Amino acid sequence: TLGLATSFPILDGGRIRGDKVVAEAGVRQAKAQREQAKQFAALDTRVALNDLAQATAIWEASRGTVDQAQRTYNIDEVRYREGISTQTDLTQSRLLLEQAKANRAQAARNFAVAKVRLALLKDLPLQSGGTTGAAAAQGAGAAIQQQQNQQQIQQQQFRSTNGTQSAPGAGAP
């Protein structure tokens, strides 16, 4: 006995074609995700480099700010001892000096974190765009705070210097 059987599945052809289309879509999605990961890595690298540059600039600027605040405090201390200035002026310049020192410490911390983050960048997980944006916004806020503090110290120094020159009988400290 001999038998021959053939079958022609009518609906299987569409299923195979559909599976092929789904697989191709999966490949395209994986390629897009890989490209997106590369872009996030490049963005994260640029953000880390910018953070380091910003932290370095703030660190360097804070050195001069602390020196200016210390000089202003010393001048106000002499003026207070000589009776030219008030306790309020001395206290204000002391407060500005302490703020400048605190800003310097914060700048040192930000600088160290930026250096370590850049060194470990290849080992860090990718960050989403929202987190990176938040870090950039926080860094910008710190820079604005630093600039405002520097302006306050410069204004105090200007007032101290002008007050010394305009006071009657005041000698140069």
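In this predicted model, R104 sits over the face of W59, 3.5 Å from the ring centre. A charge counts as lying over a ring if NZ of Lys or CZ of Arg is within 6 Å of the ring centre and within 35 degrees of the ring normal. A second case involves R94, which lies over the face of Y73 at 5.6 Å from the ring centre.

A word on the ground rules. Residues are numbered from 1 along each chain as its sequence is written. Since this is a predicted model, local features need pLDDT of at least 70 and side-chain atom pairs count only at pLDDT 80 or more, while totals for chains, interfaces and linings use all residues; side-chain values use heavy atoms, with hydrogens and water left out.

The overall layout is quick to describe. The protein chain has 3 helices and 0 strands, and reading along the sequence gives the pattern α-α-α. Helices (H or I, at least four residues) and strands (E, at least two) are DSSP runs, numbered from the N terminus. Of the 173 residues in the protein chain, 23% are buried; buried means under 20% relative accessible area, exposed over 50%, and partly exposed in between (1.4 Å probe, protein chains only). Contact here means heavy atoms within 4.5 Å. Among contacts in the protein chain with a separation of 6 or more, 82% are between residues 24 or more positions apart.

How confident is the predictor, and where? On pLDDT, the predictor's confidence in each residue from 0 to 100, the protein chain averages 77, and 68% of the residues score at least 70. Over residues 128-140 pLDDT stays under 50, and the model has 6 contacts beyond four places in sequence for them. Residues 164-173 also fall below 50, and that stretch has 9 contacts in the model beyond near neighbours in sequence. Where pLDDT is low, the predicted coordinates should not be read in detail.

Next comes the core. The largest nonpolar core has 6 residues: V66, A69, Y73, L90, L97 and A100. Helices α1 (12-81) and α2 each supply at least two residues of this core. Such a core is a set of buried Ala, Val, Leu, Ile, Met, Phe, Trp, Tyr and Cys residues joined through side-chain atoms within 4.5 Å. L97 is in contact with V66, A69, Q70 and Y73, leaving aside neighbours within four places in sequence.

Then there are the charged pairs. The structure holds 4 salt bridges, each being a side-chain nitrogen of Lys or Arg within 4 Å of a carboxyl oxygen of Asp or Glu. One of them joins the side chains of R63 and E60, at 2.4 Å from N to O. R63 and E60 are 3 residues apart in helix α1, so about one helical turn separates them. R63 is partly exposed, with a relative accessible area of 38%, and E60 is partly exposed at 41%.

Another bridge links D76 with R79, whose closest N and O atoms are 3.5 Å apart. D76 and R79 are also 3 residues apart in helix α1, about one helical turn. D76 is buried, with a relative accessible area of 0%, and R79 counts as buried at 9%. In helix α2, the side chains of R94 and E98 meet in a salt bridge at 3.2 Å, N to O, being 4 residues apart, or about one helical turn. R94 counts as partly exposed at 41% relative accessibility, and E98 is partly exposed with a relative accessible area of 35%.

R117 lies in helix α2 and is buried, with a relative accessible area of 19%. The C-alpha atoms of R117 and L52 are 8.9 Å apart, although 65 residues separate the two along the chain. D44 has its place in helix α1 and is buried, with a relative accessible area of 5%. Between the C-alpha atoms of D44 and L118, 74 residues apart along the chain, the separation is 9.6 Å.
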